[in-house]
Amino acid sequence: MTLPSLEAIASCVSGYDPHALPVPQAQEFIARLVAPVTAVEQVAIRAGLGRVLARDIVSPIDVPAHDNSAMDGYALRGAELSAQGDTALRIAGRGLAGDRFEGNVGAGEAVRITTGAVMPAGLDTVVPQEFTRLEGDRVIVPAGAVKPGDNRRLAGEDLARGEVALAAGRRLRPADPGLSASLGQGEVPVFRRLRVAFFSTGDELRSVGEPLEAGCVYDSNRYTLWGMLARLGVEIIDMGVVRDEPSALAATFRDAAACADAVITSGGVSVGEADHTKQIMKQLGDVLFWRIAMRPGRPMAIGRIGHAILFGLPGNPVAVMVTFYAFVRDALLAMGGATPEPLPMLRAACTTPIRKKPGRTEYQRGRVQRAGDGWEVRVGGAQGSGILRSMSEANGLVVLHHAQGSVEAGGLVDVIPFDGLI
Ligand code: AMP
Ligand code: MG
C-alpha cells in the first residue's frame, strides 16, 4: 500500500496553513495521515478488556435462548385473566431456573416460576408472587395485577441469532467480556497492541535519580506521557532523555522508528530552538513543522520516519499533555483500529470571565463541579504552559474553540472531564 505524501494530505485539508494551523485542521490532517494496524490476535475475553475488536462478533444463538420469566411468581395465560374480579388458577407444578416445567398446562392452570426459568409452553404472562395469595392448590390473581405479556422476557430480545453483538473497531468495555460470555464465546479477535516509543530532548533535562545541577530541570514529560499512553493500553517503549547531539539523536530516532508504530518526542521543535532535534527529524524523515493556532502548545512536528508516525510535541509540560489529548490520543486510537468517537464534553457555567480572541483554540485547566441541575467550572490560578501542578489540580480541560471570543461570568463553556465511569 502506498501511503499519501504529506503534501497530498495538506492539499486535501481546506484552510491548511502550517504557520497558523487551526486545531480542527491539524486534527483532520492527522486523521488522514494515520492508518490502522492490520495484525489480529485471538485473546481470552478478560484479556480483551480495553483492546480494540478487530472483527464483528455475531451472535451464534438467541439470547436469551428461550422465553423466560423476569420475576418470581406464577406463569399463566394472559387471556385467562379476568378484567373485573379475581382470577383463580390451579397450580399445575413448578418451573425453576435451570429446571424447566415439562408438563402440559391445562386451561385454568398456572405454574409456579422463578426468575430466569423457561416459560412453560402456552403461557405468556407472569404475575409476581407478591401480588397473589394462595387458597389451597390455587393461586388467586387480583384484577389488574398484571396485563397479558407482562414479566416475560422474549427469546432473542437481548440478541437475536445472526445479529452483530459487538462491532469491529470497538474498544472493549466491562460489559463486553460479559456479553461475549453470554454468547458462549471465550475469546475475541483484537488488533495487535500499538507500539509507541518516546523520548525527551534537551540538554537541561535530568532524569529522576540524577543530581540536579544549576540550570537543569527534571524530565517530567516522560512520566506524563507514560501515564497517558498507559491509559490508552498501548505497548510503551521509554527511550529516556537524549542529549542535543546529532549522532545520539539520529541513533535514537532510527531505533525508535524501527521498533514502534509511533514515535513521540517532547521539546526541541519551537521556532527559536537552537538544538539539533528539528534538523535530525528533517534528515531522517518526511516531517512538517507546524505552528498551531492554539494555546498552550503552539509548535509541533508531524510526519513519518520510516514506517513510524512522528509526533514532535512541544517541551513545556502542560503543552505536552494538551497536544497529546488534542492530537495524539485520537491518532493512536485510530492507528490501533478503533472507530473514532468524539470525547464527551460537559457544558459548564464559567464562574469567572475569560478573555479570549477568536482565531485560536485555548485549553484552560479547570475544576468542574455540580451546581444546581448543571455544572460549573472554575478556571484561574496559574495557567502557564510550564506549570504542571495546574494540570494535576484540575479535573477537566475547558475548551475555548477557534472562533469563540471572550466568555462572561456565568457563560457556558465546553469542558472535557478527566474522569469517566469506565
Ligand atoms: P523546548 O520546547 O525544548 O523549547 O522546551 C520548552 C520548555 O519546556 C523549556 O523550559 C524546557 O526546559 C521544558 N522542557 C522540555 N522538555 C521537558 C521535559 N521532558 N520535562 C520537563 N520540562 C521540559
Ligand atoms: Mg529544548
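In which strand is the place of Ala-75? Select Ala-75: its place is in strand E5. Strands (E, at least two residues) and helices (H or I, at least four) are DSSP runs, numbered from the N terminus.

Before going on, note the ground rules. This is a predicted model, where local features need pLDDT of at least 70 and side-chain atom pairs count only at pLDDT 80 or more, while totals for chains, interfaces and linings use all residues. Residues are numbered from 1 along each chain as its sequence is written, chains are lettered from A and ligands numbered from 1 in the order in which they are written, and side-chain values use heavy atoms, with hydrogens and water left out.

**Stop 1: around Ala-75**

Stay on Ala-75. Ala-75 is buried, at a relative accessible area of 0%. Buried means under 20% relative accessible area, exposed over 50%, and partly exposed in between (1.4 Å probe, protein chains only). Now show its contacts, meaning heavy atoms within 4.5 Å. Setting aside neighbours within four places in sequence, Ala-75 touches Ala-110, Val-111, Ile-113, Met-119, Pro-120, Leu-123, Thr-125 and Val-126. Then draw a distance to Gly-420, 345 residues apart from Ala-75 along the chain: the C-alpha atoms are separated by 42 Å.

**Stop 2: Ala-83**

Is Ala-83 buried or exposed? Ala-83 counts as exposed because its relative accessibility is 65%. Look for Ala-83 in the loop between strand E5 (73–76) and strand E6 (87–95).

**Stop 3**

Select Val-63 and Pro-64. A cis peptide bond joins them, with omega about -5 degrees. Pro-64 sits in the loop between strand E3 (57–58) and strand E4 (68–69).

Next, select Arg-295 and Pro-296. The peptide bond between them is also cis, with omega near -10 degrees. Pro-296 lies in the loop between strand E19 (286–295) and strand E20 (299–305).

Then go to Asn-151. Its phi is near 60 degrees, a positive value in a residue other than glycine. Asn-151 is in the loop between strand E10 (138–141) and strand E11 (152–153). Asn-151 counts as partly exposed because its relative accessibility is 24%.

**Stop 4: the nonpolar cores**

A nonpolar core is a set of buried Ala, Val, Leu, Ile, Met, Phe, Trp, Tyr and Cys residues joined through side-chain atoms within 4.5 Å. Select Ile-30, Ile-264, Phe-311, Phe-324, Phe-327 and Leu-332: these have the most contacts inside the largest core, which has 51 residues. Helix H7 (residues 317–335) gives the most to this core, with twelve residues.

Which residues are in contact with Phe-324, leaving aside its neighbours within four places in sequence? They are Leu-225, Met-228, Leu-229, Leu-232, Ile-264, Leu-313, Arg-329 and Leu-332. A second, separate core has 18 residues, including Val-242, Phe-253, Ala-257 and Ala-308.

**Stop 5: zoom out**

Show the whole protein chain. Its secondary structure comes to eight helices and 26 strands. The C-alpha atoms fill a box of roughly 95 × 50 × 45 Å, taken along the principal axes. Buried residues make up 44% of the 422 residues. Of the contacts with a separation of 6 or more, 71% are between residues 24 or more positions apart.
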